Amino acid sequence: MKIAIASDQAGFELKEKLKNYLENHPYEIIDVTKSEDYDFVEAASKTAKAINEAQADRGIVVDEYGVGSSITANKYKGIICANVFDEHSARMTVRHNNTSIIAIGSGIVGEKLAKRICDRFLQATYDGGRHQIRVDMLNKMC
């Protein structure tokens with residue numbers, strides 16, 4: 001699985017820790033913001049574009065609170081992004097919403113929890129079935 005990872009200045013340190021952590025797993029990590037020079041709009045946009053252009057399967061964006069990145073990514077057709085703060089939400093948003101990107105707030109979530117959130121998000125699979133009706137509704141909105 002290919003993972004696009006990005007951050008703004010406030011999320012850069014946590015992004016780097018998550019990137020190093022995930023590189024020790026069976027994922028190909030694509031860092032789309034290799035410096036601290038990006039704001040959350042640019043970081044989330046680069047992540048959404050990487051997924052829409054099939055360069056990555058899923059994405060992780062880190063900013064201070066996660067909200068701005070989530071709002072930005074959800075502006076892109078075909079992208080469903082969730083702002084998550086716990087492992088259960090990270091797993092369930094994939095299972096029920098077919099989420100392709102998560103946003104994590106570095107000012108809210110610490111390193112250990114962020115790693116567990118990433119694990120749950122990347123290990124989860126979409127349930128489909130009755131959930132597809134809502135996913136189709138979300139995709140029609142763009």
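Colleague: Between which strand and which helix is Asp 37 found?
Modeller: The model is predicted: local features need pLDDT of at least 70, side-chain atom pairs count only at pLDDT 80 or more, and totals for chains, interfaces and linings use all residues. Residues are numbered from 1 along each chain as its sequence is written, and side-chain values use heavy atoms, with hydrogens and water left out. Helices (H or I, at least four residues) and strands (E, at least two) are DSSP runs numbered from the N terminus. Asp 37 sits in the loop between strand E2 (28–31) and helix H2 (40–52).

Colleague: Is Asp 37 buried or exposed?
Modeller: Accessible areas come from the Shrake-Rupley method with a 1.4 Å probe, and for residues only the protein chains shown count as cover. Buried means under 20% relative accessible area, exposed means over 50%, and partly exposed is in between. Because its relative accessibility is 67%, Asp 37 counts as exposed.

Colleague: Which residues gather with Asp 37 in a patch of negative charge?
Modeller: A patch takes residues with over 30% relative accessible area and no salt bridge, joining like charges within 9 Å and nonpolar side chains (Val, Leu, Ile, Met, Phe, Trp, Tyr) within 5 Å. Asp and Glu count as negative, Lys and Arg as positive, and His and the chain ends are not counted. The place of a charge is NZ of Lys, CZ of Arg, CG of Asp or CD of Glu. On the surface, Asp 37 is grouped with Glu 36, Asp 39 and Glu 42.

Colleague: How many salt bridges does the structure hold?
Modeller: A salt bridge is a side-chain nitrogen of Lys or Arg within 4 Å of a carboxyl oxygen of Asp or Glu. One of them joins Lys 17 and Glu 13, with N to O at 3.2 Å. These two residues lie four apart in helix H1 (residues 12–22), about one turn of the helix. The number of salt bridges in the structure is nine.

Colleague: How many residues apart are Asp 31 and Lys 15?
Modeller: Asp 31 and Lys 15 form a salt bridge, with their closest N and O atoms 2.9 Å apart. The pair links distant parts of the chain, since Asp 31 is in strand E2 and Lys 15 in helix H1, and the separation is 16 residues.

Colleague: What is the relative accessible area of Asp 31?
Modeller: Contact means heavy atoms within 4.5 Å. Leaving aside neighbours within four places in sequence, Asp 31 is in contact with Ile 5, Lys 15, Glu 16 and Lys 19. Asp 31 is buried, because its relative accessible area is 10%.

Colleague: Which parts hold Arg 95 and Asp 127?
Modeller: Arg 95 and Asp 127 form a salt bridge, the closest N and O atoms being 3.0 Å apart. The pair ties together parts that are 32 residues apart in sequence, because Arg 95 lies in helix H4 (residues 87–97) and Asp 127 in the loop between H5 and helix H6 (132–140).

Colleague: Which side chain of opposite charge is nearest to Asp 119?
Modeller: Asp 119 is found in helix H5 (residues 111–123). Not counting residues up to four places away in sequence, it touches Tyr 21 and His 25. Asp 119 is buried yet has no salt bridge, and at 4.6 Å the nearest side chain of opposite charge is Arg 120.

Colleague: What accessible area does the nonpolar patch with Val 67 have together?
Modeller: Val 67 is found in helix H3 (residues 67–73). It is partly exposed, because its relative accessible area is 43%. With Tyr 65, Ile 71, Phe 85 and Ile 108, Val 67 forms a nonpolar patch on the surface, whose accessible area together is about 470 Å².

Note on methods. Buried < 20%, exposed > 50% of the residue type's maximum accessible area, 1.4 Å probe, protein only.
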